[in-house]
Amino acid sequence: MDNPVRISVIVTTLGKRDLAPLLSSLVEQDHAPHEVVITAQGSGRRVRDTVERYRSLLDIRLTTSERGISRGRNAALKTADIAHVFFFTDDDCELAPDALSEAIRALAAGHSMVTGRLISSHGERGQARVADITEITSANVWRLAIEPAMAIRASVVL
């Protein structure tokens, strides 16, 4: 993949959770996102207020859709700029500072999609450990793939 890789972060929210921790973690990425596309599916006031606080730090596009994670993601994809990679995450996630660069590194190795691990704020207790890079197959997809930490080549998504 050519550098710099443009990565669009896609988030769907009902507006019940504070987006500030997620947006702060995106500001801290060692590979800055090209844009952040947020689909609001509920009361938009809280979302709009938070987005306004981060507009000077991130290129944020805001859209709306009917409820449903798939509807929200599809609305975001229609709103997104042309990117190389789409990174899907949830409104209650905070990304490690190297999350986007690690996803890009794995995709550059020839993979079409990569998924990460989610670790609660209480630590790793109860979570299965996997190798750094594990091929996802029909036998292990439900143990390994988690959609709130997934990066997919734009060519595959589109």
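Student: In this predicted model, which residues beyond its sequence neighbours is I38 in contact with?

Tutor: Leaving aside neighbours within four places in sequence, I38 is in contact with V11, T13, L19, L23, V47, V51, I60, R61, L62 and T63. Contact here means heavy atoms within 4.5 Å.

Student: What makes I38 part of a nonpolar core?

Tutor: A nonpolar core is a set of buried residues of listed kinds, Ile among them, joined through side-chain atoms within 4.5 Å. I38 belongs to the largest such core, which has 28 residues, and I38 is among the six that touch the most other members, with L23, L26, V36, I60 and F87.

Student: Which elements each supply at least two residues of this core?

Tutor: They are β1 (7-13), α1 (20-27), β2 (35-40), α2 (44-54), β4 (85-90) and α4 (99-108). The largest share, 6 residues, comes from α4. A second, separate core has 11 residues, including V37, L77, A83 and I152.

Student: Why does S25 count as buried?

Tutor: Buried means under 20% relative accessible area. S25 has 8% relative accessibility, so it counts as buried. S25 lies in helix α1 and touches E94 and L95, not counting residues up to four places away in sequence. The C-alpha atoms of S25 and A99 are separated by 9.7 Å, although the two residues are 74 apart along the chain.

Student: How do the residues lining the second largest pocket divide into nonpolar, polar and charged?

Tutor: The lining has 2 nonpolar, 4 polar and 5 charged residues. It is made up of T12, T13, L14, K16, R17, Q41, G68, I69, D90, D91 and D92. Asp, Lys and Arg count as charged, and Gly counts as polar. The volume of this pocket is about 160 Å³.

Note on methods: Residues numbered from 1 in each chain as written. Predicted model: local features only at pLDDT ≥ 70, side-chain atom pairs only at ≥ 80, totals over all residues. Heavy atoms only, no water. 1 Å grid on protein atoms, 1.4 Å probe; cavity = no way out; pocket = protein on both sides within 12 Å on 5 of 7 lines; lining within 4 Å. Points joined across faces, edges and corners; volume = space filled by probe spheres on them. Buried < 20%, exposed > 50% of the residue type's maximum accessible area, 1.4 Å probe, protein only. Helix = DSSP H or I, 4+ residues; strand = E, 2+ residues; numbered from the N terminus.
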